[in-house]
Amino acid sequence: SWISLYNAPFRIKASGHSLQAGWDLSDDLTLRSITALRKTREVGGNQLGGAFSLSRLGAAGLPVAALIPGLGTTSLGLPNSTRVYAISGVTSYNDVKQKQESQEFQLIGSFPEVEFVLGAYYFHEKVRDARQSFLSIVYTDAALTQAFGVNPFTVGSAAAGLGSQNAESTSYAGFAQATWT
């Protein structure tokens, strides 16, 4: 039989911009600037359909109140008197925020006997990545024949299945190239 499952909306917003400018300092020298900015924001859930787990909760089961609603929901949508004998239905939730910026300067020279590029480069990136796994299927009989799709939930605490990490990176570089004729 078909089970209606919770599926959180999933939004991705990405933007990127760049600006290039050049100035002729003389007939033989040019200064070039290349600036870039990129942002990404990803928020939402994925329904993984329960193919990865089935956890039995013992012969007596547990009251539905032992399961903790997640993703802003306040209940699983079942009466409080309901007993749950197994859980399944993996649902993941992502909240990722990323920003990066770069700046490059080039001094370009073209003289009768030599052509060259001297440059400097800067890059900075910051990422916050929070993910949490929930469950969304409950079995309300010991034989596991009565399965219901419910609002996402965790077991034990509201932070169960939560992973979060932050990363930051900064790079600097200098470069040069010359050709003699």
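Predicted model: local features only at pLDDT ≥ 70, side-chain atom pairs only at ≥ 80, totals over all residues.

**Lys97.** Lys97 has a relative accessibility of 46%, so I noted it as partly exposed, a class that runs between the 20% limit for buried and the 50% limit for exposed. I found Lys97 in strand 7, which covers residues 86–110. I then looked at its charge and saw that Lys97 belongs to a surface patch of positive charge, together with Lys13, Lys39, Lys99 and Lys126.

**Gln103.** I stayed in strand 7, where Gln103 also has its place. Which side chain does the side chain of Gln103 join in a polar contact of 2.5 Å? I found that it is the side chain of Thr35. I also saw a polar atom of the Gln103 side chain 3.4 Å from the backbone oxygen of Ile34.

**Ser18.** Next I turned to strand 1, residues 10–24, which holds Ser18. Is Ser18 buried or exposed? I wrote down exposed, because its relative accessibility is 61%. I checked Ala36 as well: it is 18 residues from Ser18 along the chain, yet their C-alpha atoms are separated by 4.2 Å.

**Leu144.** My last stop was the loop between strand 8 (114–139) and strand 9 (147–155), where Leu144 sits. I noted that Leu144 is not a glycine but still has a positive phi, about 60 degrees.

Definitions and conventions:
Residues numbered from 1 in each chain as written. Heavy atoms only, no water. Patch = residues over 30% accessible without salt bridge, like charges linked within 9 Å, V, L, I, M, F, W, Y side chains within 5 Å. Areas by Shrake-Rupley, 256 points an atom, 1.4 Å probe, with all protein chains shown as cover. Salt bridge = Lys/Arg side-chain N within 4 Å of Asp/Glu carboxyl O. Lys, Arg positive; Asp, Glu negative; His and termini not counted. Charge placed at Lys NZ, Arg CZ, Asp CG, Glu CD. Helix = DSSP H or I, 4+ residues; strand = E, 2+ residues; numbered from the N terminus. Buried < 20%, exposed > 50% of the residue type's maximum accessible area, 1.4 Å probe, protein only. Polar contact = N/O pair within 3.5 Å; in protein donor to acceptor, adjacent residues only side chain to side chain.
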